[in-house]
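The tour goes from one element to the next and says what is found at each stop.

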Amino acid sequence: MEFNILSHFKGLEEMPTDPLKADEIGTSLFMTGGMGPQISKKMDEKAKAAGMSRRNFIKSSLGFSAAMLAANEVTGMKFFEVGAAEAADFDAKKEAIQLAQGSSDFVVDVHTHVCTRPGHYQLGVNTSERGMWFVELLDNLGKAFGMPNGTRDMNVENYGKMILKESDTTVGVFNPFGFREDYGGQDMIPIEYQVGVRNNWPNNTVMLAGGLTPNQGVGATLDRLRQYVDDYQISGLKLYTFDSTPQKGWWFDDEKRAYPIWEECQKLGLKNIGCHKGIPFGQFYARYAHCEDFDATADDFLDLNFIAFHSAWPYHNELAALKGFKPQRKNLYCEIGSTFAATVTSRPVECAHVIGTLLRDIGPDYVLWGTDSLLWGNPQWQIEAFRNFQIPDELAEGHGYPKITPEMRRKVLGENAARIWNIDKQRAMSAKADLVATAHA
Ligand SMILES: [Zn+2]
């Protein structure tokens, strides 16, 4: 996520958050978002029902279920399929978690980041003012989610600890940041650093490369792409169409600047091309966060998959139209990192509209799970929220959204990503079991 959510969640930075206790993070977000005061009030009676002090209750796993129940009560709609017992009794809660895990035990998080590099970021030395603005934003997020050193804690080691060991994530697909103009001529997250994630956990990670910016020169861009494949055996791309060059941005359907990249991808056997769409943050121009350039590109490169990260939110309707009106299209995907996280606890009506629109128009075979962690800390609260999330009858009926079935959840949480990246599910699951065993040994 790349916008200041702390301005939407009042007082989040003062809530107690242990980075390894995801429930507490989720509860804090419910209690500080748009419905925060009403939810917070309801936590009193729910703590009483569980026979616990408010303080202990909020810090416990019951608190998160209680917050979801409270959101249902405040809105008068059933956004979360949570029973009252799960908010009052630890055995009932444990049982519910085991049931949910059994029903969707394979989780591929398509949108994850490390956010540091050797030498880190120093203003005036290797980072411009614009670059520092982004680092500070991420620093504050990290601190709010219990990482005392901000981005310095969003490192390779903690990637393994929080995403792979302490959450139900089976496979993390990690995403780069480029913007070299702002970071002393080096990618913000250089591939030499982020490859450490894959080296440590080869069976539980997929590496995407980025920082390809054709405004820096098409020839140089193609050279970098070939180097990524030759030296790092990357599994796809995650790009940004706004950039930090004087031209400010580019389009996927630019036949001179972009098509040579896609032609090279075809030659190199790279199939999955992602792009940040939506969430127009910081100094970047919103026009490049729109997704209309996916239209011609998807038609002209039918053998490549194009993935709109963030599902282009808040322009998700534009994205949905590229498939809703063109149902023949088979290579357009969307990913819900930060989009789900930013809306589910504070604006569930909006969350249901976004997820409903994507499932209805893009289709349940083309929606990919992502959390944008470590930017949101430990992703487990998001996984639990999604396992419980439902589109209320009122909204489903009025807008033609599908109700979310267990099969849809399995597809979105893991099976769609496993299909397009050819992930060996059995190998990933058994490596994950080993990781969890050592984490708890
Ligand atoms: Zn991201």
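Start by selecting helix 8 (residues 191-200), which lies across strand 2 and strand 3 and runs at about 150° to strand 3. Angles here go from 0 to 180 degrees between N-to-C directions, with axes as lines fitted to C-alpha atoms, for helices over the stretch in contact. Two residues are in contact if their C-beta atoms, placed from the backbone, lie within 7 Å. Helices (H or I, at least four residues) and strands (E, at least two) are DSSP runs, numbered from the N terminus.

Two notes on reading the model. Residues are numbered from 1 along each chain as its sequence is written. The model is predicted, so local features need pLDDT of at least 70 and side-chain atom pairs count only at pLDDT 80 or more, while totals for chains, interfaces and linings use all residues.

Three of them form an open sheet in the order 1-2-3, with parallel pairing. Strand 1 (108-112) and strand 3 (205-207) are the edge strands, each pairing on one side only. Neighbouring strands of this sheet are turned by 20° against each other on average, direction ignored. Strand 2 (residues 171-174) runs parallel to strand 3 and is joined to it by three bridges; two strands pair if DSSP finds at least two bridges between them.

**The whole chain**

Zoom out. The protein has 18 helices and eight strands. Its radius of gyration is 21 Å, close to the 22 Å that the globule rule gives for 441 residues, so the protein is as compact as a globular protein of that length. The radius is taken over C-alpha atoms, and the rule is 2.2 Å times the number of residues to the power 0.38. The C-alpha trace spans about 65 × 50 × 40 Å along its principal axes. Of contacts between residues at least 6 apart in sequence, 76% join residues at least 24 apart.

**Two domains**

Colour the chain by domain: the assignment gives domain 1 (5-103) and domain 2 (108-435). Such bounds come from an automatic or database domain assignment. The C-alpha centres of the two domains lie 27 Å apart. The contact between them takes 32 residues from domain 1 and 30 residues from domain 2. On the side of domain 1 that touches domain 2, the elements giving two or more residues are helix 1 (22-32), helix 4 and helix 5 (90-103). Helix 1 gives the most to that side, with six residues.

**The core**

How many of the 441 residues count as buried? The share is 54%. A residue is buried if 20 or more other C-beta atoms lie within 10 Å of its own, exposed if 12 or fewer, and partly exposed in between, with C-beta atoms placed from the backbone.

The largest nonpolar core has 130 residues. A nonpolar core is a set of buried Ala, Val, Leu, Ile, Met, Phe, Trp, Tyr and Cys residues joined through C-beta atoms within 7 Å. Select Ala-67, Ala-71, Ala-308, Cys-334, Val-367 and Leu-368, which have the most contacts inside this core. Helix 4 (residues 61-75) supplies its largest share, eight residues. The core draws at least three residues from each of domain 1 and domain 2.

Now centre on Ala-308. Leaving aside neighbours within four places in sequence, Ala-308 is in contact with Cys-275, Lys-277, Cys-291, Phe-294, Leu-319, Cys-334 and Glu-335.

**Backbone stops**

Most residues other than glycine have a negative phi, and most peptide bonds are trans. The next stops depart from that.

- Trp-313 and Pro-314 are joined by a cis peptide bond, with omega about 10°. Look for Pro-314 in the loop between strand 6 (305-309) and helix 12 (316-324).
- From Ser-373 to Leu-374 the peptide bond is cis, with omega near 10°. Leu-374 is in the loop between strand 8 (367-368) and helix 15 (380-388).
- Gln-233 has a positive phi, near 45°. It lies in the loop between helix 9 (218-232) and strand 4 (237-240), and counts as exposed because 10 C-beta neighbours fall inside 10 Å.
- Lys-248 also has a positive phi, near 75°. It lies in the loop between strand 4 and helix 10 (259-268) and is partly exposed, with 15 other C-beta atoms within 10 Å.

**Last stop**

Finish on Asp-231 in helix 9. Asp-231 is exposed, with 11 other C-beta atoms within 10 Å. Draw a distance from its C-alpha atom to that of Ser-128, 103 residues apart along the chain: the separation is 29 Å.
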